[in-house]
Amino acid sequence: MKTRVWNVGMGWLLVLVWLVWMGGGCSSTAVIPTKEAATSPPPSQVRSINGIFAQTEQGRSRVRIQSTAPLTYTSVKQPGHPGVSLYFPGTLLGDVPNEIPGDGSAVVRIVTQKIEADPPTARIDIDLSMDVPYEILKQDEGLDVLFETASETKPMVAGGGTSGGRKTGVDVQPPASEIRSQQNTTEALLRSTQTQTASDASAIRRPKKIAWLERIDFVAGDTGEATMTLGTTEPVSYRVERLNPTQIRLLLEHTRISEHRNYPLVTNRFKGAVNRIVPTQAPKAPDTTWVTIDLRENVPFRVEQNGTLLLVHFDPSKTTPEQILPPAFREEPLASVQPAAEPGLTAKPALAPSQMVTSAVVSERKRSDLYRGDIPKVYTGEKIAIDFFDTDIRNVFKIIAEISGKNFAIDPNVTGKVTLSFDKPVPWDQVLDIVLRMNQLDKVEEGDIVRIATLAQLQKEEEGKKKLMIAEKESQNQLVELEPLVTEYLPINYAKAADEMKPHLDGLLTPGRGTLTVDSRTNQLIMTDVPAKIRKAKEIIQKLDRVTPQVVIEAKIVEASTDFARDLGVTWDAMGGIQGTDARAGIGPQRGFDVLNGTYGWDAAVNFPIASANNGQIGINFTKIAGTPLVINAKLYAMEQNNQGRIISSPKILTMDNKEAFIEQGVEVGYTEKGKTDEVPSVKFKKVTLNLKVTPHVTLDHRISMKIELVKDDILSYFQGVPIINTKKTATELLVDDGDTLVIGGITKTSEKETESGVPGLSKIPLLGWLFKTRSNVRANEELLIFMTPRIVQLEQRSMITQTNG
């Protein structure tokens with residue numbers, strides 16, 4: 001009887017629970033008075049996805065996602081293959097299968113997954129046959145994802161729109177310029193995206209056979225080139241991600257790490273750009289292996305696959321291997337220093353002594369510049385479209401973590417709600433910054449871990465850290481005051497101990513305790529201080545006391561001159577009749593004597609010779625005595641002169657880096673200088689020299705910076721026995737490669753002179769005018785060029801030779 005009563009009671013109890021549930025459901029359905037409430041229900045209402053199916057209609061593929069209430073979502077393109085991932089915060093997966101077949105057109109398959117979070121989050125991955133545009137249409141109970149088919153694919157447009165009064169999603173495909181930029185980039189440099197979870201790896205492209213990473217080799221050449229070789233048991237598919245300028249990562253799909261290869265390989269003691277190679281198993285994909293490569297500097301590289309071997313070739317590195325590693329990088333067994341574990345992985349036990357390698361964990365804690373307005377921010381994350389209404393902030397961080405592939409650590413006091421609606425896709429890191437600023441939060445990055453905390457908490461930690469540093473410094477100062485003093489003799493090889501080395505060490509001494517003196521005879525420093533200060537002084541001396549490079553400077557001064565002169569002149573005279581000096585003057589006989597009652601005569605002369613004594617002459621004369629006397633004398637003068645000259649001066653000098661060198665060559669020209677009337681003339685001299693003054697400096701990239709001054713004197717002419725000096729001078733500063741020749745200066749002088757003298761009027765008559773004029777043409781060209789060739793002479797660095805007694 002009791003059993004029956006209990007069953008009846010339980011029945012009434014179940015009916016009562018059902019009525020309460022129905023009442024809650026009705027009330028929640030009725031509370032949709034506005035469009036905003038209908039679009040995004042409060043998070044307290046539990047949403048559930050209870051149906052997913054794909055179909056083709058009107059030339060488009062439609063994926064219908066049915067739910068019990070309007071959905072809040074984030075959409076993002078899948079990396080590596082065509083597809084779209086949808087995240088639904090505060091949403092449960094109802095009775096839907098884990099994998100749903102596509103429509104036979106654009107949609108290949110649909111995979112569902114539950115993400116553990118509070119509140120729970122649902123994820124739906126839609127695999128596509130090709131990369132096509134899509135849009136999202138929100139419904140009252142669910143949403144539709146529409147994909148263009150291949151026959152009607154149109155150029156994608158960044159931006160959203162409306163359809164039938166419903167809010168549309170946004171295509172997150174990058175613009176065409178971004179696509180072209182990505183296609184032009186080397187296929188090995190793929191953009192960093194989120195890693196697929198383990199369930200994705202099992203639902204999408206499950207491999208037939210798992211490959212094992214069995215070999216990791218590193219070879220560095222003498223010139224700095226390097227090659228890393230990865231060997232697997234089967235050929236594998238791979239991707240390359242550039243994490244930052246000095247860190248790249250290879251993702252080996254369907255690959256696991258053999259136990260004897262699951263440790264980092266430290267290569268920072270070898271030539272080449274690689275510092276360390278770290279293989280790890282992906283945190284959320286057990287069948288994916290990460291091989292992270294830390295570089296000394298950003299150098300070009302290329303990836304080559306040959307069967308089961310994967311080779312990464314790195315170009316030569318200019319950075320030399322570390323000579324003295326910091327304490328954090330000193331070799332220790334793996335039992336005491338474990339390699340950096342990737343997020344989500346369990347630390348491996350210590351290996352056998354034969355398998356131990358050197359490794360270190362160095363994690364840089366970096367506070368963001370989110371609240372600094374003077375630093376422009378560039379966002380490079382995957383673009384996403386989001387639509388959140390009053391969503392729990394922790395759930396938002398969970399979705400961003402899934403998209404970014406980073407690990408998020410959220411402080412317990414981080415709470416709040418987020419309402420965002422971005423129709424136009426924006427980078428996920430920009431979304432993160434906006435959410436942080438909206439809630440007075442900040443982030444601290446340590447490797448792949450992003451910690452989220454309040455500004456007050458981070459400020460409190462910073463103040464605590466400052467106080468701790470001050471306390472530690474005071475404690476260290478107290479220890480230094482109690483530490484015993486030691487004295488060491490520090491020999492200096494190449495620098496001057498007193499003038500060049502001591503000033504760098506004076507500020508290092510412990511106040512009130514340390515002393516530093518110089519022994520100039522042996523070029524040594526004598527230092528008395530605590531051991532730590534002396535070790536620091538030795539480090540400074542080791543860096544600064546280096547072999548000073550020398551520079552050979554060869555100069556060539558080339559002077560070229562060309563002179564051309566041409567002179568043409570004429571002289572002639574003519575006379576007739578009876579001249580005054582003739583014995584017949586006044587008495588005749590002469591024609592017309594009776595009429596004129598006297599004698600007469602005439603003469604004419606032209607005298608235009610040339611200035612040069614060395615010339616050619618052509619002369620004629622004519623004399624008539626009978627009858628009327630007539631005398632004609634004429635000479636033609638001509639000269640042409642062509643001179644060419646070339647003078648080469650080649651001074652050469654060797655000097656040390658940053659030391660001025662001077663070289664001079666020339667003569668002193670004497671001349672007589674007249675004094676006063678009663679004084680004896682004195683002999684004085686003027687210098688005619690060629691001098692070169694240069695100060696070279698060898699830069700760190702093996703170029704030569706030079707400060708040059710060059711002066712060249714020549715005797716131009718003499719004035720009253722005193723030489724006139726022609727001076728040519730240049731002063732400059734320049735930078736030149738080792739062994740290159742540069743023209744540092746040049747002077748070109750051209751002069752032309754044309755002179756004509758003659759009888760006015762008569763000299764202008766064509767042809768006949770040459771009998772009444774002379775002409776001179778002079779042309780002179782002078783050119784000065786200065787060439788400079790420096791070469792570096794580097795001596796070998798030698799160790800200090802110490803002498804011991806006995």
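Predicted model: local features only at pLDDT ≥ 70, side-chain atom pairs only at ≥ 80, totals over all residues.
## Aromatic pairs

Rings of Phe, Tyr and Trp (its six-membered ring) form a pair if their centres lie within 6.5 Å, with planes under 30 degrees apart counted as stacked, over 60 as edge-to-face and the rest as tilted.

Local features need pLDDT of at least 70 and side-chain atom pairs count only at pLDDT 80 or more, while totals for chains, interfaces and linings use all residues. Residues are numbered from 1 along each chain as its sequence is written, and side-chain values use heavy atoms, with hydrogens and water left out.

## Tyrosine 134 and phenylalanine 147

The ring centres of tyrosine 134 and phenylalanine 147 are 5.9 Å apart and the planes meet at 40°, so this pair is tilted. Because tyrosine 134 belongs to strand 9 (residues 134-139) and phenylalanine 147 to strand 10 (residues 142-148), the pair ties together parts that are 13 residues apart in sequence; strands are DSSP runs of E with at least two residues, numbered from the N terminus.

Tyrosine 134 is buried, at a relative accessible area of 4%, and phenylalanine 147 is buried at 0%, where buried means under 20%, exposed over 50% and partly exposed in between (1.4 Å probe, protein chains only).

## Phenylalanine 218 and phenylalanine 270

For phenylalanine 218 and phenylalanine 270, the centres are 6.4 Å apart with the planes at 55°, so this pair is tilted. Phenylalanine 218 lies in strand 13 (residues 211-220) and phenylalanine 270 in the loop between strand 18 (265-266) and strand 19 (274-281), so the pair ties together parts 52 residues apart in sequence. Phenylalanine 218 counts as buried at 16% relative accessibility, whereas phenylalanine 270, at 47%, counts as partly exposed.

Note on methods. Helix = DSSP H or I, 4+ residues; strand = E, 2+ residues; numbered from the N terminus.
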